[in-house]
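Work through the exercises below with the model open. Try each task before reading its solution.

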Amino acid sequence: MSSIPHIPNWINGAYTTTPSPTLTVQNPATEEPIATITATDELTVQETITSSLTTFRTGSWPKADPTDRFTVLSTAARLLRARLPEFVDLETQQTGRPIREMSTQLARVPEWLEYFASLARVHEGRVTPFKGPVVNTLTRLPIGVVVQITPYNHPLLIAMKKIAAALAAGNVVIVKPSELAPVSVLKLGPLFKEAGLPDGTLQIVCGTGPETGRYLCEAAGIAKIDLTGGLGTYRAIAPIAARNMVPVTAELGGKAPVCLFPSLEVQRAVQASLFAGFIAAGQTCVTGSRLLVHRDLYAEFVPSLVERVKGLRVGDPMDSATQIGTVISRAAVERCASFVERAVRDGGRVLCGGKAVERTGFFFEPTVIEVAADSYLACNEVFGPVVALVRCESEEEIVDVANSTPFGLGASVWTNDFEQAHRVAGRIDAGIVWVNGHHLNDPSSPWGGFRESGMGKENGVEAYESYTRVKSTVINYGVAPVWFDQVANARYG
Ligand code: NAD
């Protein structure tokens with residue numbers, strides 16, 4: 001235990017040295033501790049907020065020329081790209097996700113910095129068609145000190161989506177990564193410093209959600225909360241934010257339908273389902289955890305799917321041949337098992353998998369269960385490798401079932417019928433609909449759900465603008481203030 005590193009908070013351009021209580025981060029594949037982090041107390045959170053507010057008021061970043069922000073963020077992208085192997089290793093160890101997956105995901109993370117750096121450089125204000133001899137300019141200003149609360153499942157990607165957008169817009173950022181997988185995010189501090197980001201502009205604060213996370217959200221003076229996490233966490237934060245009039249972006253859970261139509265070749269439908277349902281052992285917000293299969297495809301599809309799922313290589317995440325790694329914790333294994341148990345009680349038929357893997361680490365077998373469309377499993381987020389298979393009689397039924405949960409984050413439509421693709425995509429009520437794809441993500445493409453999947457967007461111009469406030473400057477060059485002088489046709493507004 002004494003040989004594992006302690007990685008403290010990154011505050012005002014340095015790792016803190018004050019002794020503090022710690023939390024242990026565990027490797028979910030070995031159950032060994034890999035590092036300790038700070039369990040930040042309320043007083044330290046207050047001090048961090050105070051100094052961040054001062055940095056926003058007096059520091060150079062919020063006033064920096066967009067060209068300077070562009071340079072710093074592009075440099076950070078270059079540094080990150082050069083250090084990817086180190087980050088891939090950390091990410092694999094703390095999440096238990098296969099190294100093959102993490103290498104591919106992290107290779108794209110610098111693009112978020114490049115995209116938002118470019119956006120800062122090219123984003124333009126507007127001049128409105130204001131009536132009369134008046135020029136009305138709209139400019140976008142940074143909003144202030146923003147709090148970002150991130151989950152464990154894609155630690156670096158999700159933190160970077162938020163950090164890049166907020167910094168590009170000139171804000172001071174306080175990020176609290178998940179206490180389950182914070183290490184890669186903590187390593188960003190020195191990287192941004194080396195890239196030229198002024199001290200205090202990016203603060204990285206660790207601790208549990210109900211304590212450190214709550215203290216951050218409660219702090220007076222913050223300008224925005226950007227959460228990615230579960231609905232319960234949003235419900236804990238929302239009343240605090242409402243009380244303090246702080247806007248919230250919330251990227252929450254999902255139950256993404258994978259809509260499979262009979263024009264599709266069976267093998268393609270199977271590949272689609274494996275990719276949608278089992279990447280990250282089902283721990284993504286857009287996991288294709290409901291396979292809605294048209295009856296004309298069903299009989300051929302099911303045995304092929306089951307055979308491929310049974311063949312998935314579950315094992316050591318550091319082995320490049322591994323396809324399915326761990327879930328994050330013992331509690332997550334137990335949650336998967338209880339979903340299976342309930343599905344069976346509801347009349348579901350387990351076609352493969354269904355239990356924890358008997359070995360060290362938090363592994364759960366890739367599982368497919370045939371269930372009714374309105375069963376508990378088909379309507380609730382598992383966040384693990386347990387997929388609900390639902391047979392549907394028609395296109396109409398697939399659309400109805402796809403739209404039947406309180407979630408509305410991602411959905412995919414798989415068909416070779418061009419008209420059907422447009423028709424179905426148009427009727428699905430979700431923030432992101434893929435046609436003949438799933439999980440596709442790009443810094444330019446707005447990401448966020450409808451209904452209980454959240455509000456607001458990551459990515460794209462939408463995310464950048466959500467980190468700005470609009471200032472309207474009305475410049476009058478010809479309207480005399482003569483209202484009280486009894487002048488005919490005097491202008492009031
Ligand atoms: P979580 O809600 O348990 O934790 C997320 C973050 O919130 C963590 O940093 C945690 O410490 C913090 N937190 C918890 N309680 C808090 C409180 N009371 N006040 C302040 N902060 C608090 O989520 P998780 O288990 O880490 O992640 C899984 C969830 O995230 C799933 O529901 C998943 O669908 C969702 N998710 C959504 C997206 C998306 O883009 N929509 C992406 C990834 C994950």
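Domain bounds here come from an automatic or database domain assignment. The model is predicted, so local features need pLDDT of at least 70 and side-chain atom pairs count only at pLDDT 80 or more, while totals for chains, interfaces and linings use all residues. Residues are numbered from 1 along each chain as its sequence is written, and side-chain values use heavy atoms, with hydrogens and water left out.

**Exercise 1. Find the domains of the chain and describe how they meet.**

Step 1. Take the bounds. Domain 1 covers 6-252 + 453-473, and domain 2 covers 257-435.

Step 2. Locate the centres. Over C-alpha atoms, those of domain 1 and domain 2 are 31 Å apart.

Step 3. Count the contacts (heavy atoms within 4.5 Å). Domain 1 contributes 23 residues and domain 2 contributes 26.

Step 4. In an unreviewed entry, UniProt lists residues 20-472 as "domain: Aldehyde dehydrogenase". UniProt positions are given in the numbering used here, feature names are shortened, and annotations may be inferred rather than shown by experiment. Over residues 20-472 the chain is 43% helix and 19% strand. Helices (H or I, at least four residues) and strands (E, at least two) are DSSP runs, numbered from the N terminus.

**Exercise 2. Describe the surroundings of the ligand.**

Step 1. List the neighbours. The ligand is surrounded by 29 residues, each with a heavy atom within 4 Å of it. The closest are T150, E179, T233, L252 and E381.

Step 2. Check the polar atoms. A polar side-chain atom of T233 is 2.6 Å from a ligand oxygen. A polar backbone atom of G230 lies 2.8 Å from an oxygen of the ligand. For G209, a backbone N or O atom is 3.2 Å from a ligand oxygen.

Step 3. Work out the cover. On its own the ligand has 850 Å² of accessible area, and the protein covers 87% of that. Such areas come from the Shrake-Rupley method with a 1.4 Å probe; for residues, only the protein chains shown count as cover.

**Exercise 3. Which residues of helix α8 are buried, and what covers them?**

Step 1. Apply the cut-offs. Buried means under 20% relative accessible area, exposed over 50%, partly exposed in between (1.4 Å probe, protein chains only). In α8 (residues 209-218), T212, G213, Y215, L216 and C217 are buried.

Step 2. Identify the cover. It includes helices α1 (42-58) and α9 (231-243), along with strands β8 (145-149), β9 (172-176) and β11 (224-228).

Step 3. Inspect the N-terminal end. T208 caps α8 there, with a side-chain oxygen 3.3 Å from the backbone nitrogen of E211.

**Exercise 4. Is E251 buried or exposed?**

Step 1. UniProt lists E251 as "active site" in an unreviewed entry. E251 is found in strand β12 (residues 248-251).

Step 2. Read the area. E251 is buried because its relative accessible area is 3%.

Step 3. Name contacts beyond four places in sequence. Among them are K162, L227, W447, S453 and K457.

**Exercise 5. Describe E395 and its partners.**

Step 1. E395 is in helix α14 (residues 395-402). E395 counts as buried because its relative accessibility is 16%.

Step 2. Find the polar contact (a pair of N or O atoms within 3.5 Å; within protein, one must be able to donate a hydrogen and the other to accept it, and residues adjacent in sequence count only if both atoms are side-chain atoms). The side chains of E395 and Q420 make one of 3.0 Å.

Step 3. Beyond four places in sequence, E395 is in contact with F261, H294, Q420, R423 and V424.
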